[in-house]
Number of protein chains: 2
Amino acid sequence: MKNLTMSTDLYQINMMYAYYKKGMDRQRTIFDVFFRKPPCGSGYAIFAGLDQVLDYIESIHFTEEDIAYLRSVYPYEEEFLEILRNFRFTGNIAAMKEGTVVFPGEPLIRVEAQVSEAQLIETAMLTMINHQTLIATKAARIVGAAKGDTVLEFGLRRAQGAEAGYYGARAAYIGGVHATSNVMAGRDFGIPVKGTHAHSFVQLFDNELDAFTAYSEAFPDETVLLVDTYDTLGIGIPHAIQLGLAMKEQGKRLLGIRLDSGDLAYLSKLARRMLDEAGLTDVAIVASSDLDERLIQDLKNQEAQITIWGVGTNLITSYDCPALGGVYKLAAVEKDGEWLPRLKISENPTKITNPGYKQVVRFYDRTSDKPLADLIALAEEDIPGDKITLFDPLFPHKRKTIRNYRVKSLLQPVIEQGHRCYDTPSLESIRAYAQEQLTCFSPEIKRLINPHQYHVDLSQKLWDLKQSLIHQERE
Amino acid sequence: MKNLTMSTDLYQINMMYAYYKKGMDRQRTIFDVFFRKPPCGSGYAIFAGLDQVLDYIESIHFTEEDIAYLRSVYPYEEEFLEILRNFRFTGNIAAMKEGTVVFPGEPLIRVEAQVSEAQLIETAMLTMINHQTLIATKAARIVGAAKGDTVLEFGLRRAQGAEAGYYGARAAYIGGVHATSNVMAGRDFGIPVKGTHAHSFVQLFDNELDAFTAYSEAFPDETVLLVDTYDTLGIGIPHAIQLGLAMKEQGKRLLGIRLDSGDLAYLSKLARRMLDEAGLTDVAIVASSDLDERLIQDLKNQEAQITIWGVGTNLITSYDCPALGGVYKLAAVEKDGEWLPRLKISENPTKITNPGYKQVVRFYDRTSDKPLADLIALAEEDIPGDKITLFDPLFPHKRKTIRNYRVKSLLQPVIEQGHRCYDTPSLESIRAYAQEQLTCFSPEIKRLINPHQYHVDLSQKLWDLKQSLIHQERE
């Protein structure tokens with residue numbers, strides 16, 4: 001999908017129209033993209049999707065067909081449609097780098113723009129960030145559970161459409177998977193691609209060994225055989241061993257066998273023993289079949305002899321939690337050249353938004369280089385360089401003072417006056433950045449179930465501002 | 001995404017190559033698309049996605065860039081790459097009509113093609129059918145729970161990418177929703193579009209009433225007001241009433257108010273009473289906020305005073321079951337001009353596939369016009385017109401004889417020798433077809449939880465064939 005200008009909710013267009021009618025459409029505003037809860041019970045998320053957002057922002061324009069269609073939807077004034085005809089995004093956007101380990105409440109993207117522009121882009125931007133951050137996070141959990149084993153993304157046929165498979169493969173790679181089966185994602189993103197053969201391939205030959213042999217002749221250096229078409233232990237593995245030995249004699253090597261059904265712990269242990277006893281100790285065991293991070297962790301706990309994991313449906317859809325609830329909230333409006341902070345009140349204290357033009361910083365221990373905490377502060381604030389007392393924004397009596405840190409600012413300009421001022425790094429370096437950070441965070445934060453909650457605090461100034469606005473609203 | 005030729009798994013290309021190397025790539029085959037379990041515990045599914053499949057099939061071709069990329073993936077022989085360069089789909093495809101109510105095990109699509117062609121298209125075709133059938137089914141469940149109320153699809157920002165939102169909106173419309181917020185889906189599919197305003201709209205004005213007034217001035221005949229920005233009962237509804245009365249005096253009408261948080265049963269009842277007491281009995285109450293079919297059913301059981309339901313995340317991702325496990329299995333191979341049936345054996349009897357070149361028929365009671373059962377039979381079989389004894393394929397002693405029926409064949413040719421021979425009906429008529437059928441099926445099959453299982457039986461001939469092949473395989 002190329003031009004995504006119309007990939008928006010009608011209410012954005014309707015608000016633009018109501019603002020136009022009131023002469024308010026050029027009112028400058030700040031909106032933040034953030035989420036309240038990481039997906040899948042995770043302690044963190046991996047930010048992804050920005051590259052597509054930037055392409056989208058730069059390419060926004062309504063075509064004549066779009067204008068004609070909108071005219072049929074509602075009798076918008078022609079002058080408004082003329083504004084749409086010339087519409088471009090002219091604001092400024094700051095964002096986290098893709099691959100950043102991020103936490104609830106942190107502005108991932110900060111949009112500073114005329115309200116009409118800020119509203120129009122909300123939907124498409126959230127769609128991209130919600131989806132890709134979700135899949136990158138799911139992938140990181142799965143890769144974490146595999147503890148250094150190879151993880152392959154195999155989910156395209158179960159993705160929510162071809163595009164979900166495509167950007168999902170990219171996000172999964174950022175999250176740490178090693179390769180994908182998705183050829184288009186390989187072509188466009190440079191992700192390594194992997195694939196073997198299906199059951200139907202075996203069925204098309206008179207017997208399984210003929211099929212295996214045919215495959216190995218076509219891919220002599222990359223032979224991985226699917227052994228469960230008829231009977232894994234009785235026929236499949238013996239045939240694979242027979243071929244593996246023949247290949248060995250010819251100075252070649254059978255790379256692996258793939259298990260795609262049955263009890264993977266049981267079968268992989270027997271398979272390993274059978275292969276080893278035949279002298280094929282270097283033949284890897286690949287497994288697929290409804291895998292996710294919990295099952296992989298459990299199979300590894302049971303010493304399953306699997307070193308390559310093909311993960312499909314559960315990864316590409318983030319099956320147990322298929323949406324990240326990223327939101328887009330008004331943080332400030334401009335009046336006479338100044339930013340007036342705004343918040344959205346709620347009965348639920350954790351749902352009250354953070355007002356103002358903000359920054360996000362991460363404190364790293366200078367000695368261990370481990371992240372200590374994140375701080376959301378006003379953009380104008382200087383962050384002290386030597387010592388700071390942090391406190392829990394919901395329970396301010398919980399305080400901790402940190403020292404000996406270095407500070408890293410997480411938001412950086414990516415769009416200036418409508419134009420990209422940031423080159424997306426290579427996908428390899430985004431992936432490396434994510435992996436590097438994940439290594440630094442404590443294992444407690446990365447636990448699959450009930451992880452420790454990383455500290456994301458508000459600066460004193462921001463906290464004070466928020467309290468005073470809450471007070472004001474409540475009046 | 002226009003050219004989806006490369007939206008496939010690498011193993012399809014690799015199998016094509018191995019077949020080519022063996023001179024088997026032109027071997028004719030039959031593959032069936034079917035699923036084993038409807039999504040979300042449903043008793044049925046609504047078939048959708050065919051239109052995109054047909055566009056895809058007709059447009060398959062590898063570009064020079066694709067060939068160059070594949071050359072970098074593996075040292076495929078140049079002659080094979082030349083075959084890809086000229087590759088077109090030349091086979092025949094039969095399929096159910098979009099909007100058909102379908103059941104586990106039924107071939108939804110039957111592909112008859114050279115094995116290379118049949119393999120290449122597997123992935124993209126499954127992606128489309130799995131996704132769109134899933135969302136259409138979820139929509140039908142939600143619309144069913146709303147019992148005649150209006151249901152709006154609002155999920156784009158939580159969709160798994162823009163395309164999932166786009167085709168998801170189309171599928172949801174087939175499943176019975178009345179409108180979408182997705183402007184692009186409205187433009188391209190003619191789906192009615194709806195939208196009001198966000199909380200940020202209210203926040204941008206000095207007070208809520210000004211915001212409501214501004215909105216009603218822009219949309220005097222379509223004013224729906226979001227009343228929960230500050231305090232639903234204390235401020236929001238009173239403001240809406242104030243404006244509603246003013247509009248009434250001017251001979252206009254406030255269409256509705258929207259609740260987006262809080263307890264929707266409680267708030268809607270109070271809101272209804274407040275509106276009614278003010279004489280605004282014709283102001284509708286729209287609700288949104290994490291709705292799905294079960295919550296809607298429960299809210300209606302509690303007599304929530306809501307008549308328009310905006311459903312987002314749970315619909316557009318089918319949150320509680322975000323993938324349909326549609327598969328693609330070899331059913332027959334051609335030898336000397338004859339179709340030799342094939343099946344895939346499994347330890348699990350329900351997973352053994354149905355062999356042969358098949359048809360699917362539905363029996364309707366001539367008197368009540370209600371569907372009685374479906375039968376999967378061999379294509380060559382004549383289905384008796386007056387009386388037939390059906391039996392459960394897993395427990396053949398369970399038999400029932402039906403009479404006084406008419407027979408409808410569900411699979412029809414859609415692609416002949418690579419070319420579309422079927423015009424997709426208008427989306428309106430696909431939607432009407434789905435709704436019409438849903439009305440005919442018994443309520444037990446449509447129950448949200450633990451529904452009755454509709455009869456999908458095998459013909460005696462097909463059952464006999466299957467048993468003999470199982471026997472053969474087991475030898």
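**Chain B against chain A**

I began with the interface of chain B and chain A in this predicted model: the two bury about 8,200 Å² between them, 61% of it on carbon and sulfur atoms. Buried area here is the accessible area (1.4 Å probe) that two parts lose on being put together, summed over both.

I then looked up who takes part. Chain B gives 96 residues to the contact and chain A gives 96 residues, with contact meaning heavy atoms within 4.5 Å.

How many salt bridges are there between chain B and chain A? I found 8 salt bridges, each a side-chain nitrogen of Lys or Arg within 4 Å of a carboxyl oxygen of Asp or Glu. One that I looked up joins Lys22(A) to Glu217(B), with the closest N and O atoms 3.5 Å apart.

I also noted 41 residue pairs in polar contact between chain B and chain A, both residues at pLDDT 80 or more. A polar contact is a pair of N or O atoms within 3.5 Å; within protein, one must be able to donate a hydrogen and the other to accept it, and residues adjacent in sequence count only if both atoms are side-chain atoms.

On the side of chain B that touches chain A, helix α1 (residues 10-21) of chain B gives the most, with 10 residues. Helices are DSSP runs (H or I, at least four residues) and strands likewise (E, at least two), numbered from the N terminus.

**Inside chain A**

Next I turned to the domains: chain A is divided into domain 1 (10-137 + 322-474) and domain 2 (138-316), with bounds from an automatic or database domain assignment. The contact takes 28 residues from domain 1 of chain A and 25 residues from domain 2 of chain A. Their C-alpha centres lie 39 Å apart.

The area buried between these domains is about 2,100 Å², and carbon and sulfur atoms give 57% of that. I counted 1 salt bridge between the two domains. Arg170(A) and Glu98(A) form a salt bridge, their closest N and O atoms being 2.9 Å apart.

Which helix supplies the largest share of the side of domain 1 of chain A that touches domain 2 of chain A? I found α14(A), with 7 residues.

**Bookkeeping**

Residues are numbered from 1 along each chain as its sequence is written, and chains are lettered from A in the order in which they are written. Local features need pLDDT of at least 70, side-chain atom pairs count only at pLDDT 80 or more, totals for chains, interfaces and linings use all residues, and side-chain values use heavy atoms, with hydrogens and water left out.
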